[in-house]
Amino acid sequence: MILFPAIDLKDGQCVRLKLGDMDQATVYNPDPAAQARSFEEQGFEWLHVVDLNGAFAGETVNGAAVDAILKATKNPVQLGGGIRTLDHIENWLSRGLARVILGTVAVRDPALVIEACAKFPGKVAVGIDAKGGKVAVEGWAEASELGVIELAKKFEGAGVSAIIYTDIDRDGILTGINWASTLELADAVSIPVIASGGLASMEDIRRMVEPEAKKLEGAISGRALYDGRIDPQEALTLIRAARKA
């Protein structure tokens, strides 16, 4: 079980959005590299980074900020947003990423994801972002008719290292993780699932370490960490204790 602190990048700054709306961005740190260092010093073991501009543009936009983050932390970093081709994937992995997260391309071109998993074993995760139970693409700007589990099952046996499942209806508004749909997805596939969207309080952390949630690889926290609703030391202590149990 891993708690992934999130750095969402917009115009080179560390921000959080409400419900995926680029017009509802709160800047939390103008220096993403400093934020990455801070998370490492607090004891976090991984870092989740999203290039928000890149997700809309379909290519990397905040590359300089990501490079600065990679230089600033020894923690493994996973990156999503605008990664759409094998060249994109290879480029980022060569720059030091631990894994890439493929979202829109997983819907548009599942064969590319499968090819990437074969070429870069253990380095490819799939991001499934859902609104009303249907998968959204292009930085959440477009809805598809594809169901979450239907998409996830396309990658069974392909070597996907994790599925990052985000409930857009809860993202950035601190209403709690959608545990029902997240655990339903985890039950439906053998690929490890990471919960994202809505993590609100220590109550969610306590829910993370309950036996039924142990099938998850972890959860991502953004706004709740930045706003101080989650105490990093208390949360990490709980998670480490649960690992040993």
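The buried residues of α3 pack against β1, α1, β4 (47-51), β5 (77-80) and α4 (86-94). That is where I start. Buried here means under 20% relative accessible area, exposed over 50%, partly exposed in between, with a 1.4 Å probe and protein chains only. Packing rests on contact, meaning heavy atoms within 4.5 Å. Helices are DSSP runs of H or I of at least four residues, strands are runs of E of at least two, and both are numbered from the N terminus.

Some ground rules. This is a predicted model: local features need pLDDT of at least 70, side-chain atom pairs count only at pLDDT 80 or more, and totals for chains, interfaces and linings use all residues. Residues are numbered from 1 along each chain as its sequence is written, and side-chain values use heavy atoms, with hydrogens and water left out.

Back to α3. Which residues of α3 are buried? They are G63, A65, V66, I69, L70 and A72.

Now its partner α1. Helix α1 covers residues 32-41 and α3 covers 63-72; they pack at an angle of about 30°, with axes 8 Å apart. Axes are lines fitted to C-alpha atoms, for helices over the stretch in contact, and angles run from 0 to 180 degrees between N-to-C directions. So α1 and α3 are roughly parallel to each other. The cut-offs: under 35 degrees is roughly parallel, over 145 roughly antiparallel, 65 to 115 roughly perpendicular, and the rest oblique. The crossing of α1 and α3 is right-handed. On the α1 side, the residues are P32, A33, A36, R37 and E40. They meet A65, A68, I69 and A72 of α3.

The axes of α4 and helix α6, residues 110-119, come within 10 Å and cross at roughly 35°. This crossing of α4 and α6 is right-handed. From α4 come L86, I89 and E90; from α6, L112, E115, A116 and K119.

On to the strands. Two strands pair if DSSP finds at least two bridges between them. In β4, 5 of 5 residues are buried. L47, V49 and D51 lie on one side, H48 and V50 on the other. What does β4 pair with? With β1, running parallel, over 4 bridges. I7 stands opposite V49 there. With β5, also parallel, over 4 bridges. Here L47 is opposite V77.

Next, β7, residues 124-131. How many of its 8 residues are buried? The count is 7. Strand β6, residues 99-102, runs parallel to β7, joined by 3 bridges. I101 has A125 as its bridge partner in β7. β7 and β10 are parallel too, over 5 bridges. In that pair, I128 stands opposite Y165. β8, residues 134-137, pairs with β7 in the antiparallel sense over 2 bridges. K131 is bridged to K134 of β8. The hairpin of β7 and β8 has 2 residues between the strands, and G132 takes a positive phi near 60°.

Follow β10 onward. β10, residues 163-167, pairs in parallel with β11 over 4 bridges. T166 is the bridge partner of S196. β11 pairs in parallel with β12, residues 218-221, over 2 bridges. I194 stands opposite G218. Between them comes helix α9, residues 202-208: β11, α9 and β12 make a right-handed β-α-β unit. Right-handed here means that, with the strands pointing away from the viewer, the path from the first strand over the helix to the second runs clockwise.

S161 is in the loop between α7 (148-153) and β10. Is S161 buried or exposed? Buried, at 15% relative accessible area. S161 touches R99, G122, V124, A125, P192 and E217, leaving aside residues up to four places away in sequence.

D11 is in the loop between β1 (2-10) and β2 (13-18). D11 is exposed, at 57% relative accessibility. Its phi is near 55°, a positive value in a residue other than glycine.

Last, D23, in strand β3, residues 21-29. D23 counts as exposed, at 74%. Its C-alpha atom is separated by 27 Å from that of S38, 15 residues apart along the chain.

Definitions and conventions
A crossing is left-handed if the near helix is turned anticlockwise from the far one by less than a right angle, and right-handed if clockwise.
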